[in-house]
Amino acid sequence: MINAKPILLTRLMIISFLLLMVLVAVMLLGISVGPTQSTMRNVLQTIFGMHASDAMLNTIIWKIRFPRVLLSALVGAALSLGGLVFQALLRNPLAEPYILGISGGSAIGAIIGILMGFSRFPGVSLTAFTGSIATLVLILAMSSGQTILKKDALLLSGVMVNAFCAAVIMFLISMTQDTRLHNIIFWLMGDLSLGDMRQVGILAVILLPCFVLVFWLSNPMNLLLMGKELAQTMGVNIKLITVTLLVATSFMVSATVSYCGLVGFVGLVMPHLLRLVFGPDHRILVPACVLGGGTYLVVCDILARTLPKQGEIPAGVITAMIGAPLFIYLLKRTAK
Amino acid sequence: MNTAIDVKNLSHSFGEHLVLKNISFQVPTKDFFIVIGPNGSGKTTLMKALSGILKPQAGRLEILNRPIDRYQRKALARTIAFVPQMLSADFPFTVFEMVLMGRSPYLGILGLEEEEDMEIARQAIAFTGMENLAHRKLDQLSGGEQQRVFIARAICQEPDVILLDEPTASLDLAYQVRIMDLMERLKNEKGITVVMVSHDVNLAAMYADHLLLIHDGQVLCQGLPDEVLTYKTLEEAYGCTLLVDESPLGKFPRVTLVPKKYMIKE
């Protein structure tokens, strides 16, 4: 006998609620950690406005830590979702914006934008977006022929595009006499400390509609897993859905890159973990990746801030240290 | 008699290569219609045209007396379901989740299923006899079981016509008969028109109401099984020596391959 499973909506609400609680908890932890010693109690009191006397703590929390934690959550959400979308569209469990070189492409665009003296938004974001779309088209063209979806061709194209992007980035950096050089290098490795509340707000306004759009297309993404032709016979407009998702994802990725550089492998870790726990249904996975991906990067940022005795390491270093071994593990597993 | 599929002068080419040449035929409603023909004769291309995957370059194609390009995507999906030749189960959906996806062309803007959709999926699973596999993961099933899941998904789509591209190709003997029986029940009990591409002329002879034999992108012969499956037509299509007699099971033809060493020398 087939049990009546809980209807999807209920499941979706429960999972989203639980993951939201985890995200909020981790964000609170992120806010209370930092070089200025403060107890969790003090921090909570400050956040909820019951402890307004300590003006310095108040400033640190609202001007420095809160924007940073919020930025981490947004960037983690966008990158996780980016990974999920690429894995579904390209039917390749190893696809991810960073590995495919999309992030690298937007970084080139972003550096050009920075060197030309554009402001972060909209100038740098737009040059980054141009770079990401250009690399996306390049990768799809390189790995296409009859089968866009060929696993090895796609990954190899991505690795090569990535290497090429890295070279171009190094070229641009070595050509410039700019005093902001150190900034660029630090930013490149994934820097989450740049945000002030206004910039984080702009990023949120850019990203949130993309999240909604991807969620709206999550059922067609399920059908796409069965192959383009079958999805088409089930009423999916393949071209429209694919192009919309690719553009939305590149847009999200380039927005995050122009704000905090290259944070790699986030789109690999969370989608896989969440798929393992919640199954392959994208209507669950899309919200789960937004919340879980946010949690993941906030945790990575806490590690980046607390591991070194002095100063901090870029968050991208932490995510790569976790993500790259996982990539190798997954590669071995899918190759069997 | 109503017409489920009406094809007139259909042609299609990939580059220089003309795959379908001026094909015309009709499939009556509630018919078990089987398309046979040698490899590369254009069977799969024909199925892709019928399912709307491929837009034929010339000719007319009507589904239930309405041109196929006049259907909205989802409306077409509610009319015709397709079971392709080979499917890969990349991501571990359960059987139930997979079958439930057949409801997609009926879902609202949020793409969430209602209780009614779940009930239809349960019935499709019961119809194909997979109740005890319902919560198993797809990638843990055998080829024959997976094939039944994909058929259940097509049933769950509640179409008027089901198209199948060689559903028995890689299955063992018992499963071939099971799938064919299932399709016959689908026709008799649910009144669904079944259109199938098959390699197995003997299975086709036993189950089909009507047969279409295509060769080199053209219709070689169409009609009742004993009209189509004759020594002459089959030899012309397949280019090998065959023995056609009456099956010991009933009044339909039986086709036997005749290898060279058994041929009578003149």
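Predicted model: local features only at pLDDT ≥ 70, side-chain atom pairs only at ≥ 80, totals over all residues.

What is the mean pLDDT of chain B, and what share of its residues reach 70 or more? After that, please take me to helix H4 and helix H5 of chain B: at what angle do their axes cross?

Analyst: Happy to. Chain B has a mean pLDDT of 90, with 97% of its residues at 70 or more. Among the elements of chain B, strand S3 (residues 32–36) has the highest mean pLDDT, 96, and strand S11 (residues 242–246) has the lowest, 88. The model as a whole scores ipTM 0.86 and pTM 0.87.

Now to the helix pair. H4 of chain B covers residues 115–127 and H5 of chain B covers residues 143–156. Their axes come within 9 Å and cross at roughly 135°. Angles over 145 degrees would count as roughly antiparallel, and H4(B) and H5(B) are therefore oblique to each other. Their crossing is right-handed.

Which residues make the contact? From H4(B) come B:Ile120, B:Ala121, B:Ala124, B:Ile125 and B:Phe127; they meet B:Ala152, B:Ile155 and B:Cys156 of H5(B).

For a second contact involving chain B, turn to chain A: 24 residues of chain A are in contact with 30 residues of chain B. On the chain A side, helix H1 (8–32), helix H9 (218–224) and helix H10 (228–233) each supply at least two residues. That side of chain A divides into twelve nonpolar, eight polar and four charged residues.

Conventions: Residues numbered from 1 in each chain as written. Chains lettered and ligands numbered in written order. Axes fitted to C-alpha atoms, helices over the stretch in contact; angles between N-to-C directions. Helix = DSSP H or I, 4+ residues; strand = E, 2+ residues; numbered from the N terminus. Parallel < 35°, antiparallel > 145°, perpendicular 65-115°, else oblique. Left-handed = near helix turned anticlockwise from the far one by under 90°. Contact = placed C-beta atoms within 7 Å. Nonpolar A, V, L, I, M, F, W, Y, C, P; charged D, E, K, R; others polar. pLDDT = per-residue confidence, 0-100.
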